[in-house]
Amino acid sequence: MESSSNYDDSSDLGYHPSPSSLDQTETSGFSTTSGDSFFFRRIYSVTSAVSDPIDDSSYSSEPSPCHWPANKSSPHNQPVLGRLGMKQRKQIIDDHESVDPELEMMKERFAKLLLGEDMSGSGKGVCTAVTISNSMTNLYATVFGQNLRLEPLNPEKKAMWKREMDCLLSVCDYIVEFIPKSQNLKDGTALEVMESRPRSDIYINLPALRKLDSMLIEILDGFQDTEFWYAEQGSMSSNSTLSGSFRRVIVQRKEEKWWVPVPCVPPRGISEKSRKHLRHKRDCAYQIHKAAMAINSSILAEMDIPDTYMASLPKSGRASLGDIIYRYMCTTDKFSPDHILDCLNIASEHEALELADRVEASMYTWRRKACLNHSKSSWEIVKDLMSDINQTDKNHVLAERADSLLFCLKQRYPELSQTSLDTCKIQYNRDVGQAILESYSRVLEGLAFNMVAWIEDVLFVDKSVRNQGQ
């Protein structure tokens, strides 16, 4: 009796139970412990409740107390038909997903994005900003990691780059700020309303980065039919051996990029038209590199300095920088960072990066001390001043000189890796907009720099072959 009354209440509310909820023993082929079957049972239940009416009178040999429609099929066939229907729908879903592997890949990467790269789902993943930054870096490595030649990008990889980059950049559509806007009513009354617009840094930099992106792809597409070709280092053809291009390029690279294919040119070199084309594309890629590097530097400068980096700074800027550079920065009236770099004779990128870290650490050490000096009395500040610097605070001057030395170092070594401070900023950054702009500009900067190097290799080989022929 209680069961009948419960069914009456459900009927009044317009509820029709699904077969999965009324006869679980008959549909034992779909175990509730299975993740796939559980997901499908939810889909099927919702679909049947919304679309087609369900004939439930087959589950009882007696007339239904809720006046449900009479059964039009035999009672023992209905559960079998239900199972067949569920299998057919599951097969349709599986077939649809199997024919679209790119969709499955997008699902997987989107899931990793939401999980913060923590596949356990326990909430120990990184923040959204770092996840998006890593996603852009990994996408660049996937698309351009094996592309080491001046040739058009593979159509599949080009489509992947555009599709997934658009997906990652779509987050910027929802990072907005409100600005006042004047609006006139029909009666002539002027009102000031707030209008949403992309945040200022995204509004300025994102269109520029998209333009630089398309220009780099266009440069690669321009190398469709070329007069030069590539050969791996271990497979020397007769033409490349005669031209002597392999050994010359290897010497130029100092054998530190042995994995990069070596360009080869005809015995008399390439034509003047091709040479002009290469030079033009090199200049364009170089300008793109400078623009991307400027945007990246500005975004990194706007990021907050993590407390962990400030806590790790040395107590003395002199100890971080070294006595030789420190004495030169303190005792020279006309400070010249180029002269310091010439005297240091930096031999490798590793040494340049190590010097950049030391200079940057000393710069922020002196800036921190300069801020502390503002809270001191005038007599304490005077005691801290040096004999050759009596116009302003000593620490402030040293910090400015360290900043100019760091700028000159990065200009002289444009391929320099990220400093410890830059890496720390990216790691602890929580601003999603800044993370997108920084990572996007960084990968474009790297691609433009590589393209300039590839073009330089071809021009170097061409010049060597022409000189050898003369």
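Tutor: Happy to. The largest share of the lining of the largest cavity, three residues, comes from α6. Before going on, please keep in mind that this is a predicted model, in which local features need pLDDT of at least 70 and side-chain atom pairs count only at pLDDT 80 or more, while totals for chains, interfaces and linings use all residues. Residues are numbered from 1 along each chain as its sequence is written, and side-chain values use heavy atoms, with hydrogens and water left out.

Back to the lining: α6 (128-144) and α20 (432-469) each supply at least two of its residues, helices being DSSP runs of H or I with at least four residues, numbered from the N terminus. The residues around the largest cavity are A129, V130, S133, M303, I426, N429, A435 and E438. A cavity here is a set of points on a 1 Å grid over the protein atoms alone where a 1.4 Å probe fits but cannot get out, and lining residues have an atom within 4 Å of a point. The lining divides into five nonpolar, two polar and one charged residue; Ala, Val, Leu, Ile, Met, Phe, Trp, Tyr, Cys and Pro count as nonpolar, Asp, Glu, Lys and Arg as charged, and the others, Gly among them, as polar. The volume of the largest cavity is about 40 Å³, taken as the space filled by probe spheres set on grid points joined across faces, edges and corners.

Now the rings. The whole structure has seven aromatic pairs, meaning rings of Phe, Tyr and Trp (its six-membered ring) with centres within 6.5 Å; planes over 60 degrees apart count as edge-to-face. Y309 and Y364 are buried. The charged end of R367 sits over the ring of Y364, 5.4 Å from its centre; the rule is CZ of Arg or NZ of Lys within 6 Å of the ring centre and within 35 degrees of the ring normal.

Finally, the cysteines: the structure holds zero disulfides, a disulfide being a pair of cysteine sulfur atoms within 2.5 Å. C172 counts as buried because its relative accessibility is 2%.

Conventions:
On a 1 Å grid over the protein atoms alone, a cavity is a set of points where a 1.4 Å probe fits but cannot get out, and a pocket is an open set with protein on both sides within 12 Å along at least five of seven lines; lining residues have an atom within 4 Å of a point. Rings of Phe, Tyr and Trp (its six-membered ring) pair if their centres lie within 6.5 Å; planes under 30 degrees apart count as stacked, over 60 as edge-to-face and the rest as tilted. Buried means under 20% relative accessible area, exposed over 50%, partly exposed in between (1.4 Å probe, protein chains only).
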